[in-house]
Amino acid sequence: MNYIRELFDLISIKNPMHAKYLNKITFSKEDEIEFNNLITYYLKNNISLKEQCECYLTILNDTLEETKYFIEHGKYRYESFEQIKDKVYFNKAYMKKYMIGLALSSYIWIAHIKVRKYFEDYIKSINKKELYFEIGPGHGEFFTKAVKSLKFENYIGLDLSPTSCELTKNMVEYQVKTLINKCKFLCEDFFNFNFDKKANLIVMGEILEHVEKPLEFLKRAKDLLSD
C-alpha cells in the first residue's frame, strides 16, 4: 500500500501553507518506492502516520524557527554543547521525533533530496574498499544505503546520542539482515573515542552546524582518513 498521500494529507491538515509545496512534489518511481518503504518501516515499528506527521512537522517548524533566528541575529541561538545536550541530544523523545522527521525530509525537501541523490551516486561510483565510517548516522538511512551497496568490507557508525545510535542500528538491522555482522555502532563523543583504524571514506551529514569547533572536527576526521 502507498502511504505517501496519506502522510501528505495529514501534514496538509496541520500546516495548510506547506500543503502548497507538498502538492508540487513529483517522485521518480524509485524514490516513490523507497519513500513508501521508509514510511512502512516506521509503521511496522509502531510509529503511526499521525506520529510520523508530528515528527516531520517538528523538524519543519524547528528548522524554520532557527533559520529565522539566524537571519535576525547573524548567529545560532545556542553556542555550546552544554546549553543544548539535555534538551536535544540526550532527550530521547525529542531526538526520536527529530531523526524520524529528518529521514522523511530526505524525500521531501529539495536540498535534502539533492544530498541523498549525491550520496547514492557517489557510493555507486567508487571501487570496493575496506572501511566506511559515518559520523552522526542519525536515522540510519544513509548508513543503510552504504551497507546495501556492498562497496565496503566493514562499516562503523558513531553518534553522540543514544537515541540516534538505537534508531540507526534498528533500521540497518531491519533492512540489511545478516549484513549487520559487517557493522559496528559506537555511542561516543567523536573527540574522545579511541579509533585505531584508518577509514577509506568518512561521511557526515547535518553535523558541522551542530559542532562548537568545526575546524578541529574536520582536522580530526582527516587524521582518521586513509591516504
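Modeller: In helix α9, the buried residues are T163, S164, C165, L167, T168, M171, V172 and V176. Buried means under 20% relative accessible area, exposed means over 50%, and partly exposed lies in between (1.4 Å probe, protein chains only). This is a predicted model, in which local features need pLDDT of at least 70 and side-chain atom pairs count only at pLDDT 80 or more, while totals for chains, interfaces and linings use all residues. Residues are numbered from 1 along each chain as its sequence is written, and side-chain values use heavy atoms, without hydrogens and water.

Colleague: What covers the buried residues of α9?

Modeller: The cover includes α3, α6, α8 (141-149) and β3 (183-186). Helices are DSSP runs of H or I with at least four residues and strands are runs of E with at least two, numbered from the N terminus. Just after α9, K177 has a positive phi of about 55°.

Colleague: How do you know that the span of α4 agrees with its number of residues?

Modeller: The expected span is 1.5 Å times one less than the number of residues. Helix α4 (residues 49-73) has 25 residues and should therefore span 36 Å, and its end C-alpha atoms are 36 Å apart, which agrees. The buried residues of α4, among them L49, Q52 and C53, pack against α1 (4-14), α2 (16-22), α3 (29-44) and α6 (92-105).

Colleague: Is C183 buried or exposed?

Modeller: At 13% relative accessibility, C183 counts as buried.

Colleague: Why is the aromatic pair of F27 and F35 called tilted?

Modeller: Rings of Phe, Tyr and Trp (its six-membered ring) pair if their centres lie within 6.5 Å; planes under 30 degrees apart count as stacked, over 60 as edge-to-face and the rest as tilted. By this rule there are 26 aromatic pairs. F27 and F35 are 5.7 Å apart centre to centre with 45° between the planes, and the pair is therefore tilted. F27 is partly exposed, because its relative accessibility is 25%, whereas F35 is buried at 0%.

Colleague: What makes R116 count as lying over the face of Y107?

Modeller: A charge sits over a ring if NZ of Lys or CZ of Arg is within 6 Å of the ring centre and within 35 degrees of the ring normal. R116 lies over the face of Y107 at 4.0 Å from the ring centre. R220 likewise lies over the face of F190, at 5.2 Å. F190 belongs to a cluster linked by ring pairs, together with F133, F191, F193, F195 and F217.

Colleague: Which residues is V203 in contact with, leaving aside its neighbours within four places in sequence?

Modeller: They are F119, Y132, F133, E134 and I135, where contact means heavy atoms within 4.5 Å. V203 lies in strand β4 (residues 201-203) and is buried, because its relative accessible area is 12%.
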